[in-house]
Amino acid sequence: QVRLRESGGGLVQAGGSLRLSCAASGLTLSGYAMGWFRQAPGKEREFAAAVNWSGFSTRYADSVKGRFTISRDNAKNTVYLQMNSLKPEDTAVYYCAAQRTTAPVMGTMRTGLVDSWGQGTQVTVSS
């Protein structure tokens with residue numbers, strides 16, 4: 001059974017940083033592209049960042065580009081999202097996502113193609 005468990009969320013002031021982690025079990029992480037999505041209250045879940053199976057190709061939403069960094073450690077079956085220069089509009093529940101693909105270039109991950117989701121972790125940025 002595939003399981004994705006996020007951690008690292010919390011409350012931070014604007015301009016601060018957080019590092020999210022996603023621990024995967026029940027799958028071989030190297031066979032999957034991994035991504036982070038977020039969902040603010042009253043809004044649809046949106047793509048934030050993704051990394052291909054090898055870690056050498058990444059893709060970011062324009063809203064987080066230059067502030068967020070996604071990375072992965074296949075040996076530890078863990079994916080990370082380093083979030084810097086946080087803004088109040090980054091407030092959302094952040095979800096880890098796995099998509100079974102070994103494509104060499106990472107495109108925007110789409111919700112309809114995600115194979116597994118985590119339960120989510122709350123990130124709140126105060127102004």
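## Contacts and setting of Gln99

In this predicted model, Gln99 touches Gly31, Tyr32, Ala33, Met109, Leu113 and Asp115, leaving aside residues up to four places away in sequence. Gln99 belongs to strand 9, which spans residues 92-100.

The relative accessible area of Gln99 is 14%. Gln99 is therefore classed as buried, since that class covers values under 20%.

## Secondary structure and overall dimensions

The protein chain contains 11 strands and 0 helices. Read from the N terminus, its elements follow the order β-β-β-β-β-β-β-β-β-β-β. The radius of gyration of the protein chain is 13 Å, close to the 14 Å given by the globule rule for 127 residues, so the chain is as compact as a globular protein of that length.

Along the principal axes, the C-alpha atoms of the protein chain fill a box of roughly 40 × 25 × 25 Å.

## Burial and contact range

Among the 127 residues of the protein chain, 44% count as buried; Gln99 is one of the buried residues.

For contacts in the protein chain with a separation of 6 or more, 62% are between residues 24 or more positions apart.

## Surface and charge

The protein chain has an accessible surface of about 6500 Å². Carbon and sulfur atoms contribute 46% of this surface.

The protein chain carries 14 positive and 8 negative charges. The mean position of the positive charges and that of the negative charges are 5 Å apart.

How values were computed: Residues numbered from 1 in each chain as written. Predicted model: local features only at pLDDT ≥ 70, side-chain atom pairs only at ≥ 80, totals over all residues. Heavy atoms only, no water. Helix = DSSP H or I, 4+ residues; strand = E, 2+ residues; numbered from the N terminus. Buried < 20%, exposed > 50% of the residue type's maximum accessible area, 1.4 Å probe, protein only. Contact = heavy atoms within 4.5 Å. Rg over C-alpha atoms; globule rule 2.2 N^0.38 Å. Areas by Shrake-Rupley, 256 points an atom, 1.4 Å probe, with all protein chains shown as cover. Lys, Arg positive; Asp, Glu negative; His and termini not counted. Charge placed at Lys NZ, Arg CZ, Asp CG, Glu CD.
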